[in-house]
Structures are given as C-alpha cells and as structure tokens.
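Good morning, everyone. Please take a look at the structure on the screen, and then I will walk you through it.

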Amino acid sequence: MSGRPLLEVENLRTTFRTDAGELVAVDGVGFTVEKGETVCIVGESGSGKTVATESVTRLVDTPPGTIKGTARLNGRDLLSMSDDELRSVRGNNIAHIFQNPQEAMNHCFSVGWQIVEALQAHQDVPDDEARARAVELLDRVGIANASARFDDYPHEFSGGQKQRVMIAMALVGNPDLLIADEPTTALDVTVQAQILRLLDDLQEEYGMGILLVTHDLGVVAEVADRIVVMYAGKVMERGGVFDIFERPAHPYTQALMRCLPNKGEETDGIPGRLPDPTDLPDGCRFAPRCEHAVGECEIGDQPEMVELTRDHEVSCVYYQQGYDSAVVRDESLEAEGSAGDAGVSDD
Amino acid sequence: MGLGRYITARVAWAAAVAFIIVSLTFLLLALSPNPQVQQAATQAALQGDNPQEAREQARQLRGLDKPIHVRYIDYVVGIFTLNWGWSTMRSQPVTEAILSSLYYTAQYSIPWTILTVTIGPIVGLYSSANKYSWRDHAATGFAFFGFSIPNFFFGIILLLVFGIWLEWVPVIYNTNVAVFSLENARQLILPVFVLVTGSIGGIMRVSRNESSEYMNADFVKTARAKGVSPLRAYALHILRPTMVPLSTTMVGQLLLLFAGSSLLVEVVFSIPGLGRVLFESVIAQDTSLVLGTTLVFVFVGVIGNLLQDITYTVLDPRIGYEDR
C-alpha cells in the first residue's frame, strides 16, 4: 500500500496518577493500521492493550490519565486536536465496540434511540430518516424483524444481539477505522464465530480498518492480517500473522503460543506474573519471567526493535548484534504447520 | 399488560388505599368521644337539667343516634361529595377552611418543591463529576448541615438574624399582600429557604452517590465514543438512570417534609396554612377539621406514591409491570 497508513500510532505513552505513584499503562507503543486491514493487539490481561486503544481516541479519562505521543488518522493527530474536533472523529471516522455488550448500552433508552443518537451526533438528519437508517443498519447486522425491534430496550436482547446492535451503532458514520476491544470475550463460542464473521463481512463491505484487541489467539489466527504483541505496556513483537504464528521470535510470544491448547504440552500458562505497573523493571519488561534472560536483559531500557524480515520486528536482545538468536528460537513451534490451523477450532 | 393498563391499575389501587384510610378514620372518629356532646351534657348538668337527656339531644342533633352503617355511608358519601362537615373553630364548612389554608400553604410549598427537585439532582451530579474537589466538599457540607439541623430551629435563627437584627424581612406574616408581589416574596423567602435546605441535602447525597456509579459506566464510555457531547452525556446518560432510585428518595423526602416540617415552619413563621390549621384544630378539639386536614395529607401521600410508582416504570424500562 502506498502513501501513509490509515492509523499511525507512535510513541504512545499513557500514565495514570494514583496514590501508589505514577502507573505506566502504555509505554512508548507504536503500530500502524492500513486501510481495510485487521490488526490485532494481543497480550495477557493487564498488558495495556485496552488502554492503548482507548488512548487513541482519548477515551481514557484525563485526569487521572495523561496521554503522550502521536496517533495520526489519515495524517491528522488525534492526540493534539481540540475536544470538539476529536468529538467529530469519534463515532464518525473511528468507531468503538467494547468487551461487554451487557453494559455497553444505556438501559434507560431503546436501542433504536441509541443508534439514532450516534447518527445525529454527526449528521443533521431528520428523525424519520434517522430511524430508517437505524432500522437498515439493524437489519444489516442481522437483527431479525429490525423495524419492530427498534423500540425495544437493551435488556430485551441477548448478549450476541446486543453486540450486533453495538456494531450497527458503530457503522452509522461509515467509519474508516473500527476499534474493537475484545468484542467476543463475553459471548459464548458459537456466537463469537458469528460476530467475527459479521465483522469480517462488514470490513469488506465498508473497507474499514479494524484494530482488534484480544487475548484469544484463536480469534487472532482467524481474522488478523498483522499482530502487535504487547506486554506490560510495551510492544514485544510486531509482524504479519504468518510471521508471528510460524516464527514467533520473542520468548513472550512463544510462551503465548505454547498456551494454545494444541501447541506443545505446556498448557498451564506462563509462570510468574505481570510486573507492578507502578514499579516496572529495568531492561526488558519480560525478563523476570523469561527463561533465556541474561544480565543484559535486566539493565537499561526495553531493547530496541530489531527488524527480522520486512514488517517483522522484535524487541529482544538475542536478535541484536553479538547475540545468538538460535538460543531463543523455539523449533517445536516453528515445526508445526501453518498459521491457518494454529489453535483455531473449526466452527 | 401495557403501560396504560398498569397506570389504570395503579390509580385504582391508590383509590382503594384512600378508601381504606377514609374508613379507618371514620372508625377512629366513631370510637372517640364527641367533645360537643360532652359539652352539652356538662352544660345541662351545670344548669340543673338532665345531662343524659341533653346528651341524647345533642347526639340526635348531629345524627349520632343513627345506626353505625348508616352513619358510615353518610360519612363516605360526604367525603367523596366534598361535604366534609362543619368546623366549629372557624365557623365555616371544613372544605372552605381547608381551601383557604391550602392557599397559603401552596404559596411557599410550590416554590420550595420546585427548587429542591430541580437544584438537588443537578448539584449532586455536579458533585459526582467533580468528586473530592473543594466544590464537592462544600456541597457535601451544606447537604449534611441542611439534613441535620431541625427546620423549626433553623427558621427561628434565620428569623432572629434577618427579621429582627437586620430587619431585611418582615417578622409577622401578612395575609393581605398579593401573591405575586415583592412583599410576598420577602416574607416567604425564609420559609422557602429553610424547607429547601432541609430537603435538598438527602437528594443531593443520593444523586451524587447514584450518579457516581454511572460516571464510569461502560455505556457512558459508549456515548463518548459515539461523539456525544459531555453535557449531553451527563444530562441524558448519567442523570436518567440516576433519577430511577432518586425519584423514590425524592417523593419520600418531599412528603415527609410536606406533612411534618411544614407544620412547624408554619407555626414559626405564623403562616395560616394547612399545617397550622391542623395544629390549631387539634388543640380546639374541632374533630371535623382535624379529620379534613388529615385527609388532605393522606391524599397528598397517596397521590405522591402513585406518581412515584409511575415515574419509576417510565424512567426504567427494565422494571416490569406484569403481574402487579
């Protein structure tokens, strides 16, 4: 793809003021999303994935949060624009859907009203026309009998249907980018697959970029074009879906891969726990849990990103000059077939 | 069952409650000795007549000799045809006495109710949006002060300071001024202030705490992510769900204050309103008037609860009205 990317995040740093001191949730994260592609941010709970995506549109409350860095959408920096400008981007150019559809809609208003509200926040559309648009969108996302259900309240919908309504709400502005924060985590497995398929169809139809946050590698394998692996607020590895699944370079990525049910024998997780975000370790954030860690890993900053192949970068000292990357390579992971069937259940 | 039918059912239930209360008051009245009959007998005895005869005569005069079910039917018909009896204290029909006192009660009750209902939730919302700021602390301090200080005492202090020392407001209530006049505003400002202070505290606190719960709710984040303005997010997405539990507190507080504190405030500020009429009729043993004023408070209570039930269902669509 030529020209600049749809979304270009650089050096994003989000901190929170707390009683225990400054909490660093996101620390110098960078990634890009091209038009029409799906980028997945993966990492275990607490690694800063959600805060990173919510910082892009400044949904993080400031104060207590502080957001630094740049996040350019089609070249315009979202982090330095005024609140009013940003408001015209939210829901219009960038739409969000969230993890828990049960709580994501206001229980006091009908779903139709909430879709119309999103539409009328950006477009001067008369009520009857807005209603027609909302019904059309509800129909598009697969709500049966959409015009009758327009006036129903969120509690009258199932979890999967609510997520569909949320997606309809996200589509009102014909967004360039959809930020989906664990959109299927709260849903049961059969519904998850349906929602993912719907997102996939809509992406093609609307040509949107999707930034998907998830800790479910099965989902990632199914939908991702590119992957950003985050740990403790830092990017550990970035690359195409095949690179990450077939040649995971960072020990943390490898550990995640080993957690997949049909990869290797170890399925009882990664030993140790995330570092305290108010007191982060020196050097590589993952070093305290890394089986390969050497003295060099625990001093200075997170290692510089090293480009392995085109578009595949890793932040690990073993890939820097003077180290033998073969030490951290995990042959057992690489030996196993293609990304396509890595951890994906057939549904 | 639709909302319309639910409301009809609620109204019918409220009417039934009112009817039960009317019946109970009749029973209490029938069981209590009638002071006028008592008086007639005493007078007869003093004059050397037969007190028993005088008693019978007095009972006959007031229709008390009729069988109890006939009296009950007469009484109930009287209540619903607004024939509430004769006030001996005021020498006028009870309904007339009530209407004329209600006129004065309404003059201060309507302003304080409106002020409390509009300012309370908004200040609470503001407090929760600016939690732990000095404004929030100031509002909390004011809320607890108003909640704690007895209304009648606060009224006396204010009257002392602003009426007697500073002479900004009249001490004696003047019934001859026009309703919408500066004079009337000046003499009503203190009772209105006292009652707002007394009622707004609880509402501010409940509003603050309930809206805090929604301040960080996911649906508020959704609203922001949709590009909704902060003001709209507060006014619609936070205030609306806050109003559901708040409406309960509100009706309870207002009724309590209307029935209880307004009496004391009327006595302190010498306003010849409903509360004072009730108070004076009790002292004067004017049974019909006591009953009449009590019924007004009862009806206000019943209607208040009815409104609360209805607003509750209208505000929160999740509250079902089936099988009730």
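Let's start with one strand pair. In chain A, strand β1, residues 7-18, pairs with β2(A). The pairing is antiparallel and runs over 10 bridges.

A word of caution before we go on. This is a predicted model. The predictor gives the complex an ipTM of 0.84 and a pTM of 0.78. For chain B, the average pLDDT is 84, and 98% of the residues score at least 70. Keep one rule in mind. Where pLDDT is low, the predicted coordinates should not be read in detail.

Back to our strands. They belong to an open sheet of 4 strands in chain A. The order is β2-β1-β4-β5, with antiparallel pairing. Which strands stand at the edges? They are β2 (21-33) and β5 (76-77) of chain A. Each has a single partner strand, so one side of each is left without a neighbour in the sheet. What holds paired strands together? Strands of a sheet pair through backbone hydrogen bonds, either parallel or antiparallel.

Now another sheet in chain A. This open sheet has 8 strands. Read the order with me: β6-β7-β8-β3-β9-β10-β12-β11. The pairing here is mixed. At the edges are β6 (94-97) and β11 of chain A, and each pairs on one side only. From one strand to the next, the twist averages 20 degrees.

One is β3, residues 38-42, with β8, residues 209-214, both of chain A. These two are parallel, over 5 bridges. Here A:C40 stands opposite A:L212 in β8(A).

The other pair is β11, residues 306-309, with β12, residues 312-314, again of chain A. This one is antiparallel, over 3 bridges. A:T309 has A:H312 in β12(A) as its bridge partner. The two strands form a hairpin with 2 residues between them. Which residue takes a positive phi in that hairpin? A:D311 does, near 70 degrees.

On to helices. In chain A, take α7, residues 159-171, and α8, residues 189-206. Their axes come within 10 Å and cross at roughly 15 degrees. Angles under 35 degrees count as roughly parallel. Therefore α7(A) and α8(A) are roughly parallel to each other. Their crossing is right-handed. On the α7(A) side, the contact is made by A:G160, A:Q163, A:R164, A:I167 and A:L171. From α8(A) come A:V191, A:Q194, A:I195, A:L198, A:L202 and A:Y206. By class, that contact has 7 nonpolar, 3 polar and 1 charged residues.

Now chain B. Helix α8 covers residues 182-215, and helix α10 covers residues 230-268. The axes come within 9 Å, and they cross at roughly 160 degrees. That makes α8(B) roughly antiparallel to α10(B). The crossing of α8(B) and α10(B) is right-handed. Their contact divides into 16 nonpolar, 9 polar and 1 charged residues.

Last stop: where do the chains meet? 23 residues of chain A are in contact with 18 residues of chain B. On the chain A side, α2 (83-89), α3 (101-104) and α4 (111-120) each supply at least two residues. That side of chain A divides into 9 nonpolar, 10 polar and 4 charged residues.

How values were computed: Residues are numbered from 1 along each chain as its sequence is written. Chains are lettered from A and ligands numbered from 1 in the order in which they are written. This is a predicted model: local features need pLDDT of at least 70, side-chain atom pairs count only at pLDDT 80 or more; totals for chains, interfaces and linings use all residues. Two residues are in contact if their C-beta atoms, placed from the backbone, lie within 7 Å. Ala, Val, Leu, Ile, Met, Phe, Trp, Tyr, Cys and Pro count as nonpolar, Asp, Glu, Lys and Arg as charged, and the others, Gly among them, as polar. Two strands pair if DSSP finds at least two bridges between them. pLDDT is the predictor's confidence in each residue, from 0 to 100. Axes are lines fitted to C-alpha atoms, for helices over the stretch in contact, and angles run from 0 to 180 degrees between N-to-C directions. Angles under 35 degrees count as roughly parallel, over 145 as roughly antiparallel, 65 to 115 as roughly perpendicular and the rest as oblique. A crossing is left-handed if the near helix is turned anticlockwise from the far one by less than a right angle, and right-handed if clockwise.
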